[in-house]
Amino acid sequence: MSPHQSTSGSTGTTSVSGSVSTGPQDMVERALAAARSDDCIVIADETSAANLRWAGNTLTTNGVSRSRQLTVIAISRRTAGTSVGVVSRAGVRDDQVEDVVREAEQAAADGSPVEDAQPLLGPDDDAARKISPVARWDDPVASTEIGVFSGFAADLGGAFQAAQAGERKLYGYAEHSLNCTFLGTSTGLRLRHDQPTGKVELNAKSADLARSAWAGCGTRDFTDVDVASLDAALQQRLGWARRKIDLPPGRYETLLPPGAVADLLVYMYWSAGAKDALDGRSVFSKPGGGTRVGELLSGLPLTLYSDPALPGLACSPFVTAHASRRDASVFDNGLGLQHTDWIRDGELAALIQTRHTAGLSGLPVTPGIDNLALAGPPDSAASLEDLVGRTERGLLLTTLWYIREVDPQTLLLTGLTRDGIYLVENGEVSGAVNNFRFNESPVGMLGRVAEVGATVPTLPREWGDYFTRCAMPPVRVEGFNMSSVSQAS
Amino acid sequence: MEPSTDAGTRPGGGEPGTGHPIDPEFASMPLREFAAAALQRARELGAEHADFRAERIRGQEIGLSDGHLETLMDADELGLAVRVVLDGTWGFAAAVDLSPQAAVRAAEEAIDVARVAAAMNTERIELAPEPGYGDVSWVSAYEQDPFGVSVADKLALLSDWSGRLMASPVIDHVDASLVQVRECKFYADGATTALQQRVRLHPVLTAVAVEPSGRFETMRTLAPPAGRGYEYLTGTGWDFDAELARLPDLLAEKLAAPAVEAGRYDLVIAPSNLWLVIHESIGHATELDRVLGYEAAYAGTSFATLDKLGSLQYGSPVMRVTGDRTVPHGLSTVGYDDEGVAAQSWDLISGGVLSGYQLDRRIAQLTGFGRSNGCAFADSPGHMPIQRMANVSLQPAEDGPGTEELIAGVTSGIYIEGDKSWSIDMQRYNFQFTGQRFYKITNGRLDGQLRDVAYQATTTDFWNSMEAVGGPQTYVLGGAFNCGKGQPGQVAPVSHGCPTALMRGVRVLNTAEEGA
């Protein structure tokens, strides 16, 4: 537990009616004890969060918040089929727990049969026994607080002063959250995961707002955030932008920094559901039926993978599904997660699977995991600066923005370059280029990756609200499609 | 004092309440007691401003895949929040325990946050004045609370709709979804105490056709999300039976359609597509907090800067765009915003010229507008209110043409229905949109569907190319549940009304060529 986390595990709080809200562990047990359905899954989420936001060298908004959510998944196994009811409520008091259970059971009774029905996992199932949770079930519940920023805030205040003196303006955002998830099932599973998540985004602009640069990083506790280093990188990029170069739309050799690679590949990962592929409605569908698993996507031996134990980017080692969706099933709650290669040596190796879709596809069960990493060939050690040094003429991006799907058939995405796009000539940055709208498919792009650098932790800017844990290399892509010029600066 | 459950005082607008009681479970809580405790504690600790919010937001999401239930989830969010200004700095804290003690704790925590934040604050926070309205309540207009309808009935309806589409040999898969929200808010700042309730829902059906070659196309219903009750699904405000009956043939035609040839075309754009262009290129561009740079690192800024107010030729002279929080069934419609400001209606663009912005109290004071036009909104009790979008709508021409007349004025062009993909840059210049259906126009008549169409433009070029807007008979209120803004990220529902419109010479892309 960091110095800025506090605990409130066993104390409980007194609510409006005088009834006590006990800890989430007790709430899970209480709900399971009240359950009358054939099977029941209970998830308690305790989340605390703190944030700071600034613009024009001054703080704008801030806040701390706590939330507590109880989700009851009632499962009714009938002759006509298995039905499921899910009720999720915030701020539930002890005297309301049974109400939530009954509502879920009523929803299950009202519901029609579902297709993803499976037996629930128990503590003796292999798929659950292999899990090594980081937190113990009975440990007190930790929370974050505004003090997590104390060192960072002081450094940021210094950066504001330096920016003011240097005729720069700083904009940005920092947040830290701690989500403690407690999962219990009527089959005896008790699993807990504590997930700290943090990020900082720093944007610097020249006083006339004509030049802009961005840097960001993910963090678990803000002790590793180096404001001075981020600010120095921004100053260098603002310096590069003193020379403006107008370029027309077209296909360019382009260097993508790790964050931009992450934004494109995270979207591809989200689009890699087996259900859609099997239904013939995704870029990973095989014409005539089936999936493209086994197909070569890149001539380079790229490996895209997730691993709950990825150093520095660790995430939940088991499935937590509050509701069934196309790529997730409540019946898989508690299923252990392991290292999964989605692309191995350039070949599509796996799609996001539930036990249900795995049964349909005949492929292994590979549920989604909350981190993503790309690795090039084993000798990929180059930094982004090394790639710049080896570039005769090409574009260097900072970030991509407003990425949206244009065509699911090819996974064509559109979006904009943002906060710094530069022309590289003869191994050096020669100036800042106008922004572009791009139209590119990350799947098609994998086939045009010409060079891969060393994999480093990075923050996907566009998707950072939902997905922060990434490690990506910088890459060189041939013929990146810059479709039109954007006047935005 | 017991909460009022009638329409109450509505000095600034907002549609009449429809006699529905505000969620009794929420309204019967001692919310005024919580507020009094929090506001008193904040004052004791030196706050020059404090406001208190409590919210209960019920949501239900139903999803069917090929007629089979896939997702059924009920959510119920409850919490309180205290926002203070201490020595010119914001402080905000939220809690999930609804009790006087929790309210006091949140007030103390908000003060603590303001103290920590003060070291980084160089711009004093001051709020534009707003009259006090006393103890008021407001309920949006709807006939049937969707949370009063059984899940079984909803499933039966969605299953029936799915079945009608699945019966077509053209259609391989059908997704059906229904999202429903009932949002209750209690606000108090010492001068105004407002208790409000809104209901909204969004039903969507998507049909998918897959060819043996592997090529697939999708088409979904154009019914917009609406600030209505369950009656929306049973014939009030939208004819689902008629739309579902047409969908298979429309999808079959799309599957067989020729690819568009990239180039410049005259576009006749239906409201089901144009609302999203309005949202992105006008709605966000006229948010004054964004214009001033408060979203610069995230959602972006705007080309429509304050120095251009009254002079920027945003569009052609036929263009009048309003902001409002008052239109019946609007997703952004309220009685009072989350800073106690009464709902209003105003012009953003008049005769094609930029004439107004969307404001909250802080930004109104900072920029000398004098009074907020009521655009503060927080999407949950855990989030601080920020300036969010009003219903931003393009007004029709009185006695203006119908859609067929607009099409008749085009020799070679494209008629567009339904929204799909959207993207715009961080200053709201360059955008790209696709749609659900694209029809070739030849000599004033529709000439079959086209596929692989996207259009790109720069905002002011696009709106200045608008030769004509349709009449009121073409006007439709579209919108979205999920407009994103702010950090921490917040989503807001918002409506956009517009008539059909005619644009000349817009760049059209072939998306297959773009991705080749």
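Accessible areas in this talk come from the Shrake-Rupley method with a 1.4 Å probe. On that basis, the accessible surface of chain A comes to about 17,000 Å², and 49% of it belongs to carbon and sulfur atoms. Please keep in mind that the structure before you is a predicted model.

Let me stay with chain A. Its secondary structure consists of 10 helices and 24 strands. The radius of gyration is 24 Å, close to the 23 Å that the globule rule gives for 489 residues, so chain A is as compact as a globular protein of that length. Along the principal axes, the C-alpha trace of chain A spans about 70 × 60 × 35 Å. Of the 489 residues in chain A, 63% are buried. As for contacts between residues at least 6 apart in the sequence of chain A, 74% join residues at least 24 apart.

I turn now to chain B. Here there are 11 helices and 22 strands. How does the radius of gyration of chain B stand against that of a compact globule with 516 residues? The globule would have a value near 24 Å, and chain B has 24 Å, which agrees. The C-alpha atoms of chain B fill a box of roughly 70 × 55 × 45 Å, again taken along the principal axes. Buried residues account for 66% of the 516 in chain B. Among contacts in chain B between residues at least 6 apart in sequence, 75% link residues at least 24 apart.

The accessible surface of chain B is about 16,000 Å², with 51% belonging to carbon and sulfur atoms. Its side chains include 40 positive and 68 negative ones, and the centres of these two sets lie 2 Å apart.

Note on methods
Residues numbered from 1 in each chain as written. Chains lettered and ligands numbered in written order. Predicted model: local features only at pLDDT ≥ 70, side-chain atom pairs only at ≥ 80, totals over all residues. Heavy atoms only, no water. Helix = DSSP H or I, 4+ residues; strand = E, 2+ residues; numbered from the N terminus. Rg over C-alpha atoms; globule rule 2.2 N^0.38 Å. Buried < 20%, exposed > 50% of the residue type's maximum accessible area, 1.4 Å probe, protein only. Contact = heavy atoms within 4.5 Å. Lys, Arg positive; Asp, Glu negative; His and termini not counted. Charge placed at Lys NZ, Arg CZ, Asp CG, Glu CD.
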